[in-house]
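Have the structure open as you read.

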Amino acid sequence: MRILIVEDEQRLAAVIAEGLRDQGMAVDVCHDGTDALAKVELGDYDVLVLDRDLPGRSGDEVCAELAGRPEPPMILMLTALSGIDDRVDGLTLGADDYLGKPFSFAELTLRVKALGRRRGAHGVTLVRGDLTMDTLRRTVLRAGRPVALTAKEFTVLRLLLAADGAVLSHEQLLERAWDENADPFTNTVRVTVNRLRRKLGPPDLIETLVGAGYRIAR
């Protein structure tokens, strides 16, 4: 999952982001509502963890605007305003869940994961040759053989399959499968692709285009 934390308390935002990254999620952070809307325009986020009391555009404004868009991210409001009326107001604005401060990080993680599952509940099956991926059940078969993948390997393979033969650059894969803080000079994409090749076995489905990126062979 790709998560956007929108929280003006920078220390809290950093702690939440670090914890969710430890759970294998790609996490970006911003500290005001105007920046949040700009990031959503550029990034395909599964879940927003959104504070209500933000500088710039308020969390309520951000929530209402995003809820009116086609295929918006799931929104978890995270706020000190935790009374029943506050919860009703937040959910009425279009939030999908509501968690008051202070909170248990374990509960936050479970709620984020549940929202991610809800957003992906429609699922799709991606097929290329003898390779089949079920994005809902998170299974991969190669010639009928189950292939066990890590979360990052699964995400990279899903991105390549969904591109339908188009080339994805190192930078595109790094941004979509990890997050915007990933080191652009790291070799993590190459290492992950090489692991995928080994696990998928021959014949090799992933093509490397020197200087351009990777694609799934037709």
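Axes are lines fitted to C-alpha atoms, for helices over the stretch in contact, and angles run from 0 to 180 degrees between N-to-C directions. Helices (H or I, at least four residues) and strands (E, at least two) are DSSP runs, numbered from the N terminus. This is a predicted model, where local features need pLDDT of at least 70 and side-chain atom pairs count only at pLDDT 80 or more, while totals for chains, interfaces and linings use all residues. Residues are numbered from 1 along each chain as its sequence is written, and side-chain values use heavy atoms, with hydrogens and water left out.

Q: Are α2 and α3 roughly parallel or roughly antiparallel to each other?
A: The axes of α2 (residues 33–42) and α3 (residues 59–67) come within 9 Å and cross at roughly 25°. Angles under 35 degrees count as roughly parallel, over 145 as roughly antiparallel, 65 to 115 as roughly perpendicular and the rest as oblique. The two helices α2 and α3 are therefore roughly parallel.

Q: Which residues of α3 does α2 meet?
A: Contact here means heavy atoms within 4.5 Å. From α2 come Gly33, Leu37 and Val40, and they meet Val62, Glu65 and Leu66 in α3.

Q: How do the residues of the contact of α2 with α3 divide by class?
A: Ala, Val, Leu, Ile, Met, Phe, Trp, Tyr, Cys and Pro count as nonpolar, Asp, Glu, Lys and Arg as charged, and the others, Gly among them, as polar. Sorted that way, the contact of α2 with α3 has four nonpolar, one polar and one charged.

Q: Why are α6 and α7 oblique to each other?
A: Take α6 (residues 151–162) and α7 (residues 170–177), whose axes come within 10 Å. The helices α6 and α7 are therefore oblique, and the crossing angle is roughly 125°.

Q: Which residues of α7 make the contact with α6?
A: On the α6 side, the contact uses Lys152, Thr155, Val156, Leu159 and Leu160. By class, the contact of α6 with α7 has five nonpolar, one polar and two charged residues. The α7 side supplies Leu173, Arg176 and Ala177.

Q: Is α6 roughly perpendicular or roughly parallel to α8?
A: Helices α6 and α8 pack with their axes 10 Å apart, at an angle of about 90°. That makes α6, relative to α8, roughly perpendicular.

Q: Which residues of α8 are in the contact with α6?
A: From α6, the contact takes Lys152, Glu153, Val156 and Leu157. By class, the contact of α6 with α8 has five nonpolar, one polar and four charged residues. The α8 partners are Thr192, Val193, Arg195, Leu196, Lys199 and Leu200.

Q: What is omega for the cis peptide bond from lysine 101 to proline 102?
A: Look for proline 102 in the loop between β5 (97–100) and α5 (105–119). The bond from lysine 101 to proline 102 is cis, with omega near -5°.

Q: Which residue joins proline 203 through a cis peptide bond?
A: Proline 203 sits in the loop between α8 (188–200) and β10 (206–209). With omega about -10°, the cis bond links proline 203 to proline 202.

Q: What is the phi of alanine 143?
A: Alanine 143 is in the loop between β8 (139–142) and β9 (145–146). Although alanine 143 is not a glycine, its phi is positive, at about 55°.
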